[in-house]
Amino acid sequence: MRLDYLTIFPDYLTPLSLSLPGKAIDSGLLEVHVHDVRGWTHDRHRTVDDTPYGGGAGMVMKPEPFGEAFDELGVDRGTAIVFTTPSGEPFTQALATELASRERIVFACGRYEGIDQRVLDHARTVADVREISIGDYVLNGGEVAALAITEAVVRLLPGFMGNAASLAEESHSGEGSGLLEYPVYTKPATWRGHDVPPVLLSGDHARIAAWRHEQRLQRTAERRPDLLHVSSAAIDWDVVPAT
Ligand code: ADE
C-alpha cells in the first residue's frame, strides 16, 4: 500500500516513522510520502490560503496547490483521496477495513476554515473521494485525524499484525461486532487489594466465555447504548408474533 500526505505541517506527520506504520514501512508492506503543500506554490510568500468569497471569519486553503499536487502524484480511479474534516462521514472500523483494501490513499489535510470546495469537486472527477471525520469535535487541522485513520488502517493490512486473533476479538470488529471489549487482567492475581475475577482462574472455558460476553454487554449498555440499538431493518420480522 502507498500512502501520500498533503500538509502544510510535514513535521506533524513524523510519528508515521515510529510505531505501527514505521514497522510496516520497514517490512516493505507500506510506502509513505509526506509532501509540503507549499512546494506547489509559486509566489514569493508561498501562499496557501486566502480570504473566503462571501465573507466570514478565517481563511480558506487555495485550490491551485492541491490541483498541482494531484496532477504530479498521478492519482487515478483506484486511488482514495481522503479529506480529513469535521464535516466528513464518521470514521468507523468498517471504513478502516474498506480503506485497508486500497492500493493507494492520498490524505489531504485541511487547515484554517477548510479547503476550497472545487478541490473536492475536481478530485471526484479523477479519484475516489472520501471526506472523513474522526469525531464530533474540532481539531486545528486534519493531520492528527490522518494519523489516527492511518493507524487504524495499517494494522489491518494482511501480514502486519503478529496475532490475527487479537484483531478478531477486539471492540468494533469480528465476532460480536458492535460490542465493546471485555476487561482484561494479567498476573499477579491480587494487586493492591484488587483481585482478578475468580472465574478467570477457574480454567472453565465455557464459563469464561459467558462471563466475557456478559461484560461486553454490560460495558456497551453503560458506555455506548447507541451500539445496542438495532434498526428496524435488521429485525427478522418473521419471528415477531402477529398481534
Ligand atoms: N479536522 C479538524 N477536526 C477534524 C475532525 N474532527 N476529524 C477530521 N478532521 C478534522
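This is a predicted model: local features need pLDDT of at least 70, side-chain atom pairs count only at pLDDT 80 or more; totals for chains, interfaces and linings use all residues.
Reader: Thanks! Why is Gly-135 called exposed?

Author: Gly-135 has 11 C-beta neighbours inside 10 Å. The limit for exposed is 12 or fewer, so Gly-135 counts as exposed. Gly-135 sits in the loop between β7 (128–133) and α5 (143–154).

Reader: And what makes Asp-136 count as buried or exposed?

Author: The count for Asp-136 is 7 C-beta neighbours inside 10 Å, so Asp-136 counts as exposed. Asp-136 also lies in the loop between β7 and α5.

Reader: Which residues does UniProt list as "binding site"?

Author: The unreviewed UniProt entry gives that feature to Gly-110, Ile-134, Gly-135, Asp-136, Tyr-137, Val-138 and Leu-139. In the model, the residues around the ligand include Ile-134, Gly-135, Tyr-137, Val-138 and Leu-139, and also Thr-84, Thr-85 and Pro-86.

Reader: Which strand gives the most to the shell around the ligand?

Author: That is β5 (residues 79–90), with three residues. By class, the shell divides into six nonpolar, six polar and no charged residues. Gly is counted among the polar ones here.

Reader: Now to the interior. What makes a set of residues a nonpolar core?

Author: The members must be buried residues of the listed nonpolar kinds, joined through C-beta atoms within 7 Å. The largest such core here has 41 residues, and Tyr-5, Leu-6, Phe-66, Phe-107, Ala-108 and Ile-149 touch the most other members. Among the elements that each supply at least two residues are β1 (2–7), α2 (63–73), β5 and β6 (104–109). The largest share comes from α5, with seven residues. As a general background, nonpolar side chains in soluble globular proteins tend to be buried together.

Reader: Which residues is Phe-107 in contact with, leaving aside its neighbours within four places in sequence?

Author: They are Asp-4, Tyr-5, Leu-6, Val-82, Thr-84 and Ala-146. For a contact, the C-beta atoms must lie within 7 Å. Thr-84 is also one of the residues around the ligand.

Reader: Why is β6 described as largely enclosed by the rest of the structure?

Author: Five of its six residues are buried, so β6 is largely enclosed.

Reader: How do you know that β6 pairs with β1 and β5?

Author: Pairing needs at least two bridges. β1 and β6 have five, in the parallel sense, while β5 and β6 have six, also parallel. Within β6, Ile-105 stands opposite Leu-3 and opposite Ala-80.

Technical notes: Residues are numbered from 1 along each chain as its sequence is written. A residue is near a molecule or strand if its C-beta atom, placed from the backbone, lies within 6 Å of it. Helices (H or I, at least four residues) and strands (E, at least two) are DSSP runs, numbered from the N terminus. UniProt positions are given in the numbering used here, feature names are shortened, and annotations may be inferred rather than shown by experiment. A residue is buried if 20 or more other C-beta atoms lie within 10 Å of its own, exposed if 12 or fewer, and partly exposed in between; C-beta atoms are placed from the backbone. Two residues are in contact if their C-beta atoms, placed from the backbone, lie within 7 Å.
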